[in-house]
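Good morning, and thank you for coming. I would like to take you through one structure, which is now on the screen.

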Amino acid sequence: MTPVLFLAQRLSAAVLALAVAGHLVTILYAIRGGLTAGDILARTHGNLAFFAFYSVFVVAVAFHAPIGLRNVIREWTPWRGGSLDAALAVFAVMLLVLGFRAVFAVYAA
Amino acid sequence: MPIRVGNRARGDFAHAAPCERGCPPYDAALRAMSAETLTVEVWRGAATGAFQTFTVPRRLNQTILDVVTEIQRDQDPTLAYRFACRVGMCGSCAMVVNGRPRWTCRTRVSEAAGTDGALRLEPLRNFTVVKDLAVEMTTFFDKWRDAQGFFEPARTPAADFAVVPPATPARKAADEAIECIGCGVCYSACDVVAWDRDYLGPAALNRAWTLVNDVRDTAREKRLAAVAGDSGCQCCHTHMSCTSFCPKGIAPTYSIAGLKRALFWQALKGGGK
């Protein structure tokens, strides 16, 4: 892992520590009173704070997960080099696309 | 009174008159030993091989190196192993003893063997075995070189002695890591080395950290670049096996963490790649 990847992984981990905690607390709080999915979507629709929070979440995941997966693959398989980096770059883009698709789905649905 | 040289536990002085002082506790300790003999399984061969079992008399204050030496001298002269100083300075006698990497000259049988007197001796893990208990150390020390684990002075000689106050943070950090004897115990204990044979390993990175903290050294940038990368310090998983097993009480994990921190700040400021 290069220093830049290390830096990206550590900084994204710091963001995710807060984002995951916020995400879990929100879930527990939201379902506490028996809200339905429809009720929740009605609250998230057009909510910019929600949109910003989960956008940051998705970007952090898109950085963090591919770097971690790259380490795991390098340690447990002989796969190395440019093809590995390219595959994980595609994986990062996929996370970004799918993540923002979900964010838009609940923000603007 | 003339000085007699010999091993009382082995019975060298059985013919002599009882000594006037020191014998009762010595004899009591000898009697208190749980086993009269040790059953020692020793790895024979190289990458492939098998364990061979030897029976060795149990002796007072016996070290693992004593056991191996006794086997080699009295039972099987073809047994290959390595040692030099016998006092914990040279780092050449390390082996895996009952599953734990250890320096054998400073490890007493009483610490390592079970109450049944059973010992299993293997060559260090993560090294190529030359024969029996002797391993090839070349790759290990090549990684010290690859990690820039050597001092690089300025091109021109210093005008005077460098004054390095012992209380400065850099000197303290170097002091904590400086006593490495290169025994390879940490390298044998490291799981990351087992997974990735290119990983520089705890000893080389620990050495690099001492030099990063050496104010006289001029190769800091080059050294940080050498210990970064896909087989460098960031591969460490902080299992702390190296720190747990280091016979000198060094904590290579903390040295590696120091390198990670140095590279983190360097990358944050736009340096490194």
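**A hairpin, a helix and a contact**

I begin in chain B, where β1(B) and β2(B) form a hairpin with three residues between them. Strands and helices here are DSSP runs, numbered from the N terminus: strands are E with at least two residues, helices H or I with at least four. This is a predicted model, in which local features need pLDDT of at least 70 and side-chain atom pairs count only at pLDDT 80 or more, while totals for chains, interfaces and linings use all residues. Residues are numbered from 1 along each chain as its sequence is written, and chains are lettered from A and ligands numbered from 1 in the order in which they are written.

Thr37(B) stands opposite Pro57(B). β1(B) also runs parallel to β5 (residues 118-122) of chain B, joined by four bridges, and there Val42(B) has Leu121(B) as its bridge partner.

I turn next to helix α11 (residues 252-268) of chain B. Its 17 residues reach 24 Å from first C-alpha to last, close to the 24 Å expected, the expected span being 1.5 Å times one less than the number of residues. Among its buried residues are Ile256(B), Leu259(B) and Leu263(B). Buried means that 20 or more other C-beta atoms, placed from the backbone, lie within 10 Å of the residue's own. What do the buried residues of α11(B) pack against? Their partners include α1 of chain A, as well as α5, α6, α8, α9 and α10 of chain B. Just after the helix, Gly270(B) takes a positive phi of about 95 degrees.

The contact between the chains takes nine residues from chain A and 14 residues from chain B; residues are in contact if their C-beta atoms, placed from the backbone, lie within 7 Å. On the side of chain A that touches chain B, α1(A) gives the largest share, five residues.

Finally, confidence. The predictor gives the complex an ipTM of 0.74 and a pTM of 0.83. Chain B averages a pLDDT of 89, on the predictor's scale of confidence in each residue from 0 to 100. Over residues 1-22 of chain B, however, pLDDT stays under 50. Where pLDDT is low, the predicted coordinates should not be read in detail.

Conventions. Pairing = 2+ DSSP bridges. Contact = placed C-beta atoms within 7 Å. Buried ≥ 20, exposed ≤ 12 C-beta atoms within 10 Å, placed from the backbone.
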